[in-house]
Amino acid sequence: MALKDLFISKTEREKRKRLARRKAFRQAERAMDTVNTEIARMRAKRDKLWDEAKAYKRDGQKLAVQRTLKSYRAQEMHISNMEMKRWGFEQILLKMRLAETDQAFASALQGLNAVQFAPPESLESTLEEIGLKADDFEDNNNIWRTIYDSEMANAEIANGSSIPSIDELDIFLEDEVVVERSELAATINQPVEQVKTNTSPSSRYEIPPSELDQKIGAGHIRLKKLLGEGR
Amino acid sequence: MSSSVADKKREHEIAAEQFLSQKDYEQAFFHTARAAEFTLELAQLCDREQGLAYIDDAHGLLDVAEEIKAIMSKKTEKG
């Protein structure tokens with residue numbers, strides 16, 4: 001407590017304390033937003049590295065593939081660490097928020113008590129306090145919304161804590177490239193060895209769905225269900 | 001690097017068999033699922049008759065993958 005605070009009323013002191021607390025919470029929320037933005041940026045970079053690695057794989061540049069996959073994996077680890085820190089921070093923030101709720105309940109009850117026996121002149125300050133409590137309630141809702149959104153958005157990270165090894169990533173990458181090349185070879189009716197894929201999967205070609213396609217689709221659905229989720 | 005989907009399917013099948021014999025169920029499951037995925041890709045590249053045969057093959061592999069997953073779940077419950 002600062003020296004100048006000795007000469008202010010108890011009510012005013014409480015009010016200042018409450019405002020300082022709300023400011024601190026807002027600051028914490030802003031910090032969480034910054035971390036979320038940073039994570040999103042890192043994810044975009046990670047996806048770009050994956051595409052780069054795939055391009056190198058198509059060209060058969062083994063060293064470049066290894067180098068890019070290393071960067072990809074490092075990026076994945078940074079994201080994982082960042083997620084972990086954010087999770088811890090969120091938990092602390094939530095606990096602080098819950099503690100504040102307890103305090104708010106206690107103060108509200110005191111306020112009610114005061115209203116019942118208070119002279120009219122103190123009613124104004126009590127109502128003012130209630131107004132601040134309503135703002136606190138809205139802040140609480142915002143916190144919950146933030147936590148819910150971030151939890152939903154990052155369910156995949158929470159699900160699996162292990163990051164694939166470089167070898168496993170290489171298998172995934174090779175598989176993707178082989179599939180792309182073989183599909184394109186079948187479409188343009190050329191031997192696989194002569195085909196070079198340089199188009200994105202979405203822009204390659206469109207085939208009307210046949211009975212065979214539907215059965216293949218059903219197989220893929222069963223596979224995805226079995227795996228829980230796809231990459 | 002292998003050059004065809006058929007090669008990849010075979011590679012994953014062999015790996016799955018090896019891991020299964022070593023009772024490494026996690027790896028066996030992964031490679032069986034990948035083999036099934038490549039079998040479905042093969043079906044997409046073939047004509048109707050051959051494609052349907054590959055789809056049956058893929059479902060067979062998915063049955064195996066499901067059995068492996070069941071073993072993994074039992075092991076997790078015990079552990």
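**Entry 1: a definition before I start**

I call a residue buried under 20% relative accessible area, exposed over 50%, and partly exposed in between. Asp63(B) comes out at 37% relative accessibility, so I log Asp63(B) as partly exposed. I also note that I am working with a predicted model.

**Entry 2: the two chains**

I looked up the elements of chain A. I found six helices and zero strands. From the N terminus on, the order is α-α-α-α-α-α. Chain A has 231 residues, and 30% of them count as buried. I then took the contacts in chain A between residues at least 6 apart in sequence. Of these, 73% join residues at least 24 apart.

Chain B came next. I found three helices and zero strands there, in the order α-α-α from the N terminus. Chain B has 79 residues, and 43% of them count as buried. For contacts in chain B between residues at least 6 apart in sequence, 58% join residues at least 24 apart.

**Entry 3: where the chains touch**

How many residues of chain B are in contact with chain A? I got 32 residues of chain B, in contact with 26 residues of chain A. The size of an interface is often given as the accessible area lost when the parts come together. Chain A and chain B bury about 2,700 Å² between them, and 66% of it is on carbon and sulfur atoms.

I counted eight residue pairs in polar contact between chain B and chain A, both residues being at pLDDT 80 or more. On the side of chain B that touches chain A, α1 (5-21), α2 and α3 (48-78) each supply at least two residues. Which of these helices gives the most to that side? I noted α2(B), with 13 residues. By class, this side of chain B has 15 nonpolar, eight polar and nine charged residues.

**Entry 4: salt bridges**

Side chains of opposite charge can pair when their charged atoms come close. I counted 21 salt bridges over all chains.

I started inside chain A. Glu83(A) and Arg43(A) form a salt bridge, with their closest N and O atoms 2.8 Å apart. Glu83(A) sits in helix α2 of chain A and Arg43(A) in helix α1 of chain A, 40 residues apart.

Then I turned to the chain contact. Between chain B and chain A I counted five salt bridges. One of them joins the side chains of Asp63(B) and Arg222(A), at 2.4 Å from N to O. Another salt bridge is between Lys8(B) and Asp175(A), at 3.2 Å from N to O. Lys8(B) is in helix α1 of chain B and Asp175(A) in helix α5 of chain A, so this pair joins two chains. Lys8(B) and Asp175(A) are both buried. The pair of Asp63(B) and Arg222(A) also crosses between chains, from helix α3 of chain B to helix α6 of chain A.

I followed shared partners next. Salt bridges join Lys57(A), Asp170(A), Glu174(A), Asp175(A), Lys8(B), Glu11(B), Arg34(B) and Glu37(B) into one network.

**Entry 5: aromatic pairs**

I found two aromatic pairs over all chains. Trp50(A) and Tyr72(A) make a tilted pair, 5.1 Å centre to centre, with 50 degrees between the planes. Why does this pair tie together separate parts of the sequence? Trp50(A) lies in helix α1 (residues 10-59) and Tyr72(A) in helix α2 (residues 62-117) of chain A, so the pair ties together parts 22 residues apart in sequence. Trp50(A) and Tyr72(A) are both buried.

Phe172(A) and Phe30(B) have ring centres 5.8 Å apart and planes at 90 degrees, so I log the pair as edge-to-face. Phe172(A) is in helix α5 (residues 166-188) of chain A and Phe30(B) in helix α2 (residues 25-45) of chain B, so the pair joins two chains.

**Entry 6: two single residues**

I picked Thr39(B), in helix α2 of chain B. Thr39(B) has 0% relative accessibility, so Thr39(B) counts as buried. The side chain of Thr39(B) reaches the backbone oxygen of Ala35(B) at 2.6 Å. Leaving out residues up to four places away in sequence, Thr39(B) touches Lys9(B), Tyr54(B), Asp57(B), Ala58(B) and Leu61(B).

I ended with Lys215(A), in helix α6 (residues 211-227) of chain A. Lys215(A) has a relative accessible area of 36% and is partly exposed. With residues up to four places away in sequence left out, Lys215(A) touches Leu52(B) and Ile55(B).

Technical notes
Residues are numbered from 1 along each chain as its sequence is written. Chains are lettered from A and ligands numbered from 1 in the order in which they are written. This is a predicted model: local features need pLDDT of at least 70, side-chain atom pairs count only at pLDDT 80 or more; totals for chains, interfaces and linings use all residues. Side-chain values use heavy atoms; hydrogens and water are left out. Rings of Phe, Tyr and Trp (its six-membered ring) pair if their centres lie within 6.5 Å; planes under 30 degrees apart count as stacked, over 60 as edge-to-face and the rest as tilted. Helices (H or I, at least four residues) and strands (E, at least two) are DSSP runs, numbered from the N terminus. Buried means under 20% relative accessible area, exposed over 50%, partly exposed in between (1.4 Å probe, protein chains only). Contact means heavy atoms within 4.5 Å. Buried area is the accessible area (1.4 Å probe) that two parts lose on being put together, summed over both. A salt bridge is a side-chain nitrogen of Lys or Arg within 4 Å of a carboxyl oxygen of Asp or Glu. A polar contact is a pair of N or O atoms within 3.5 Å; within protein, one must be able to donate a hydrogen and the other to accept it, and residues adjacent in sequence count only if both atoms are side-chain atoms. Ala, Val, Leu, Ile, Met, Phe, Trp, Tyr, Cys and Pro count as nonpolar, Asp, Glu, Lys and Arg as charged, and the others, Gly among them, as polar.
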